[in-house]
Amino acid sequence: YSYDESLFRERWLGPPGALKKFWDAQKGTRWFQSHPILSNPDIDLETYFPIVCHGDDADSHRRRSFCCFTIASPLSPSRS
């Protein structure tokens, strides 16, 4: 964030309005409705952004393996 705020916003928060659209779409889901953070009446979801995490072990040379872990934002425009 401190390095390049506009890049952070582009990659993590998506285009303008994407964050609000995401939370509005989640309001009807069971996981969202039962999330403990909602017990705080002062919560402002516009100050929280979702992340997607994925981890997996990968085989390597000589039977060694290593863990690959990625973190991304579901709000970021996809790049091919």
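Colleague: How much of the protein chain is buried?

Modeller: Of the 80 residues in the protein chain, buried ones make up 16%. Keep in mind that this is a predicted model.

Colleague: OK, and what radius of gyration does the chain have?

Modeller: The protein chain comes out at 17 Å, while a compact globule of 80 residues would be near 12 Å. Along the principal axes, the C-alpha atoms fill a box of roughly 55 × 30 × 25 Å.

Colleague: How many helices and strands are there?

Modeller: There are three helices and two strands. If you read along the sequence, the pattern goes α-α-α-β-β.

Colleague: And the contacts, what share of them join residues at least 24 apart?

Modeller: That's 44%, counted among contacts between residues at least 6 apart in sequence.

Colleague: Which residues are linked in a network?

Modeller: Lys20, Asp24 and Lys27 are, through salt bridges. Asp24 meets Lys20 at 2.8 Å, N to O, and Asp24 also meets Lys27 at 3.4 Å.

Colleague: Where do Asp24 and Lys20 lie?

Modeller: Both are in helix α2, which covers residues 18-26. They sit four residues apart, about one turn of the helix.

Colleague: Are those side chains buried, exposed or something in between? Take Asp24 to begin with.

Modeller: Asp24 is partly exposed, because its relative accessible area of 35% falls between the 20% and 50% cut-offs. Lys20 is partly exposed too, with 43%, and Lys27 has 42% and also counts as partly exposed.

Colleague: Good. Which residue does Glu10 form a salt bridge with?

Modeller: Glu10 pairs with Arg11, and their closest N and O atoms are 3.6 Å apart. Glu10 is partly exposed at 35% relative accessible area, and Arg11 is partly exposed at 38%.

Colleague: New topic, Pro50. Where is its place?

Modeller: Pro50 is in the loop between α3 (30-33) and β1 (52-59).

Colleague: Is Pro50 buried or exposed?

Modeller: Pro50 is buried, because its relative accessible area is 9%, and under 20% counts as buried.

Colleague: What does Pro50 touch, then?

Modeller: Leaving out residues up to four places away in sequence, Pro50 touches Leu19, Phe22, Trp23, Ser73, Pro74 and Leu75. Among them, Leu19, Phe22 and Trp23 have numbers that fall within helix α2 (residues 18-26).

Colleague: And how far apart are Pro50 and Ser73?

Modeller: In sequence, Pro50 and Ser73 are 23 residues apart. In space, the C-alpha atoms of Pro50 and Ser73 are 6.4 Å apart.

How values were computed
Residues numbered from 1 in each chain as written. Predicted model: local features only at pLDDT ≥ 70, side-chain atom pairs only at ≥ 80, totals over all residues. Heavy atoms only, no water. Salt bridge = Lys/Arg side-chain N within 4 Å of Asp/Glu carboxyl O. Buried < 20%, exposed > 50% of the residue type's maximum accessible area, 1.4 Å probe, protein only. Rg over C-alpha atoms; globule rule 2.2 N^0.38 Å. Contact = heavy atoms within 4.5 Å.
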